[in-house]
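Visitor: Could you give me a close look at one part of this model, a single side chain and what surrounds it? Then walk me on to a few other spots, with the cut-offs spelled out.

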Amino acid sequence: YTLSLHDALPIFDFFMTEPSSVDPFSLAAQLGSRDLPPVHQWNPEFCGDMDLRIDRNGTWFYCNSPIGRHRLVKLLSAVIRRDNDGEYYLVTPVEKLRIRVDDVPFLAVELESEGQGQQQRLLFRTNVDEVVAADEDHPIRIVEDAGSGEPSPYLLIRDGLEALLSRPVFYRLVDLAVEHKQDGQTALGVWSCNVFFRLGFT
């Protein structure tokens, strides 16, 4: 059956955390500040589909209408999980609801850089206010469209959930790019936390 958002909200609202008191102007201060429930430890029965969709721009829709409440979107994003079947679910200890995701569930909307060279750290904020640093556990990857060759940049946020980098964030990333010898070729990419992420070849 299809569970309504109204029926699910009391369950999700239980896991909504209060706003953090960290400095809102510094991504570094917000890194790791959001407490998330342990959705991968929960194994409830599949309860059906929810008429909820996330489009490629990170906009959430319920019954084809955009969800305008940012707090609600943050609430729902805290319990999203991608399972081995490649499907996305909203999960609580007692409910597992399948949702539709056009591309990936998050959008990276802000980029902040610290330091220089290999020690540089790149911090990203998503549209649901999660902040992560690009590193070995949170890699950046580029996928090129087979037809147009246009790149789509992604950042791993957590547990198989990625964010598409918004166009302004990607342009900022390209501005930070440097050349580096990789696999016998001169690659163009960025350093973050001593890891080189290739954006392309020169």
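Guide: Let's start with R81, which is buried at a relative accessible area of 5%; buried means under 20% relative accessible area, exposed over 50%, and partly exposed in between (1.4 Å probe, protein chains only). Before going on: this is a predicted model, where local features need pLDDT of at least 70 and side-chain atom pairs count only at pLDDT 80 or more, while totals for chains, interfaces and linings use all residues. Residues are numbered from 1 along each chain as its sequence is written, and side-chain values use heavy atoms, with hydrogens and water left out.

Back to R81: you'll find this residue in strand β4, residues 80-82. Helices (H or I, at least four residues) and strands (E, at least two) are DSSP runs, numbered from the N terminus. The R81 side chain makes a polar contact with the side chain of D83, at 2.7 Å. That term covers a pair of N or O atoms within 3.5 Å; within protein, one must be able to donate a hydrogen and the other to accept it, and residues adjacent in sequence count only if both atoms are side-chain atoms. Setting aside neighbours within four places in sequence, R81 is in contact (heavy atoms within 4.5 Å) with V39, H40, W42, E87, Y88, Y89, V91, K96 and L161.

As for accessibility, C63 is partly exposed at a relative accessible area of 40%, whereas N64 counts as exposed at 61%.

Last stop is V195, which lies in strand β15, residues 195-201. V195 is partly exposed, with a relative accessible area of 23%. Leaving out neighbours within four places in sequence, V195 is in contact with D135, E136 and V190. Another pairing to check in your viewer is V195 and P139: they are 56 residues apart in sequence, and 8.7 Å apart in space, C-alpha to C-alpha.
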